[in-house]
Every structure is written in C-alpha cells, then in structure tokens.
Amino acid sequence: MKTWLCALFLLLALSAARAAVPSDCTQAVVGIADGWDNSRVTLHLLEKDRSGRWQRVLGPVSARLGRNGLVWGLGLHQLPKGARVKVEGDGRSPAGIFPIGGIWTTNKTPVRHHRNLREVRVGPADLWVSDPATPQLYNRWVRLDHPASSDWEKREQMRQSDYAHSIKLLICHNTPEIRGCPVVGRGSSIFFHIWRDNGSKPTAGCTSMAESNLRAIIARIDPARKPVYILLPKAEYLQRRRAWRLP
C-alpha cells in the first residue's frame, strides 16, 4: 500500500510540474480576462528579480482577445480533464501557458528588440500555414523560394499590407517548438499584434494592443529569460496560481 501511495504522489507531483511555469522562466506576460467569453484582457509584464520574486515592470496594458473570448489551448500546461480545447476558426484565444517566440514584421519603423530575439522581415514569399489539409506544414512558418503565386500559396501568405499585422510577436500555441508536431485543426497563427480601431474590435484569436504597448513589451523580451505568456480567466488563474507557480 505504501509503495502504491508513493507512486501516486510521484505521479501527481510530476503532473503538477509539467503544468507549472518552467523553473528557468524569469519573464512572463500575464493576461487576465474576466471570464471565458470575454474578449477584453489586461496584460502585465513581470520579471523575477535576483531574489526570485516576481516584479511588475510594465502594465497594466489594455488588450483584446478573440471575438468569442478564450478556450484552452495547447502549450506548456496540462489540460484539465474534459477541457474544451481550441479548434481552427473558433474565434477564441488560447488560454494556458505558452512560450514567446520571435517577431515577424513589415512595419517601416524599426522594432527595437533584444539581439537574440529573431526578427523575420515578411515578404511575398512568406507563408504561415493554417490549412488542415497540409498536416506536414500546419501552423508553421514557410518561406518559399519564389513569391506566392498559386491560389493555395496566396491563401496561406502572411499579410503584406495590413497595418495591424505589421508587428507580430509569436505566441507558441500548438507550435513545433513545444509540441514537436502541431495538432492539425487545433488552431494556428497565434500572435501578439497591433489592435484595430484603437481597441474597439476583437481579434480572430490573437492578442492585440496599442502599437506603443506592443513595442514596449517586445523591447524587453529576452529569450535567455525563457519568456512565457500566461493567459487565463481570473477564476482559473486564482485556482491554479499555487500549483502552476504563476506569478
């Protein structure tokens, strides 16, 4: 009996560890929404000081989410039993804990960023594939050796002249970086980007904010700090704060 109990406690501990903010993470964008169906969110950027305590370095920042609110996404966290999970085109932003990746830009004004944060200058050969019919490319950045020309390439082409998407910071939801192979149909192309009409419009699933705030966040993101995006409704955040080691 004692052996069985020890094994159970070990399993629970390992599950909690997999769900938690990684121990080497010292930088986090935290987004708290009022509820699952709310498309508005408040963001804070926090960093751990030398004593290991989280300190707010930026925020509060008003931002917008998917038009239908939030739903559990695929990230570093463990999905609750029976959780409703994001699907392509549901108009919801993925909730959970996600690594933060590089930036993709077309903006004419240079984006100040850490030298180790990858920047991709988007051109006519750049795609981000959201087509479930191409599982080998799903939710991946693809650079062609020619400008997009076929109907399929043009559908998957990253936006060239949409100002709201002229600065994009990757949220690693269902991406190769964390899943090895993205789950087809579980949502793709999730970024932080500039909001529309001063925040009067929600997104299709991304997190958007004023350009000045997005630039300020990007300027502080340091890949060596293993930055993450923690997005949750308030009740879920409070419920899981201790077990997931949330800031």
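Reader: Is Thr175 buried or exposed?

Author: The model is a predicted one, and in it Thr175 is buried, because its relative accessible area is 1% and the limit for buried is under 20%.

Reader: Where is Thr175 placed, and which residues does Thr175 touch?

Author: Thr175 belongs to the loop between β9 (167-171) and α3 (176-179). Leaving aside residues up to four places away in sequence, Thr175 touches Asn139, Gly180 and Pro182.

Reader: How many helices and strands does the chain have, and what is its radius of gyration?

Author: The secondary structure comes to 5 helices and 12 strands. The radius of gyration is 18 Å, which agrees with the value near 18 Å for a compact globule of 247 residues. Along the principal axes, the C-alpha atoms fill a box of roughly 65 × 40 × 35 Å. Buried residues make up 50% of the chain. Of the contacts with a separation of 6 or more, 63% join residues 24 or more positions apart.

Reader: How should I read a nonpolar core, and which residues touch the most other members of the largest one?

Author: In soluble globular proteins, nonpolar side chains tend to be buried together. Here the largest nonpolar core has 43 residues, and Phe192, Tyr229 and Ile230 touch the most other members. Beyond four places in sequence, the contacts of Ile230 include Val21, Ala28, Val29, Val30, Tyr237 and Leu246. There is also a second, separate core of 9 residues, among them Trp104, Val120, Val122 and Trp128.

Reader: How is an aromatic pair described, and how many are found in the whole structure?

Author: A pair of aromatic rings is described by the distance of the centres and the angle of the planes. The search of the whole structure finds 7 aromatic pairs. One of the pairs is Trp104 with Phe191, at 6.0 Å centre to centre and 70° between the planes, an edge-to-face arrangement.

Reader: Which parts of the chain does the pair of Trp104 and Phe191 tie together?

Author: Trp104 lies in strand β5 (residues 93-105) and Phe191 in strand β10 (residues 191-194), so the pair ties together parts that are 87 residues apart in sequence.

Reader: What is the geometry of the pair of Phe192 and Tyr229?

Author: The ring centres of Phe192 and Tyr229 are 4.5 Å apart and the planes are at 55°, so the pair is tilted. This pair links distant parts of the chain, with Phe192 in strand β10 and Tyr229 in strand β12 (residues 228-233), 37 residues apart. Phe192 counts as buried at 1% relative accessibility, as does Tyr229 at 1%.

Reader: Which residues form an aromatic cluster, and which charged end sits over the ring of Phe191?

Author: One aromatic cluster is formed by Trp104, Trp128, Trp141 and Phe191. The charged end of Lys168 sits over the ring of Phe191, 4.2 Å from the ring centre.

Reader: How do I read the buried side of a helix, and which residues of α4 are buried?

Author: An α-helix has 3.6 residues a turn, so residues three or four places apart point the same way. In helix α4 (residues 211-220), the buried residues are Leu214, Arg215, Ile217, Ile218 and Ala219. Their cover includes β1 (27-33), β3 (54-64), β5, β9, β10 and β11 (207-209).

Technical notes. Residues are numbered from 1 along each chain as its sequence is written. This is a predicted model: local features need pLDDT of at least 70, side-chain atom pairs count only at pLDDT 80 or more; totals for chains, interfaces and linings use all residues. Side-chain values use heavy atoms; hydrogens and water are left out. A nonpolar core is a set of buried Ala, Val, Leu, Ile, Met, Phe, Trp, Tyr and Cys residues joined through side-chain atoms within 4.5 Å. Buried means under 20% relative accessible area, exposed over 50%, partly exposed in between (1.4 Å probe, protein chains only). Contact means heavy atoms within 4.5 Å. Rings of Phe, Tyr and Trp (its six-membered ring) pair if their centres lie within 6.5 Å; planes under 30 degrees apart count as stacked, over 60 as edge-to-face and the rest as tilted. Helices (H or I, at least four residues) and strands (E, at least two) are DSSP runs, numbered from the N terminus. A charge sits over a ring if NZ of Lys or CZ of Arg is within 6 Å of the ring centre and within 35 degrees of the ring normal. The radius of gyration is taken over C-alpha atoms; the globule rule is 2.2 Å times the number of residues to the power 0.38.
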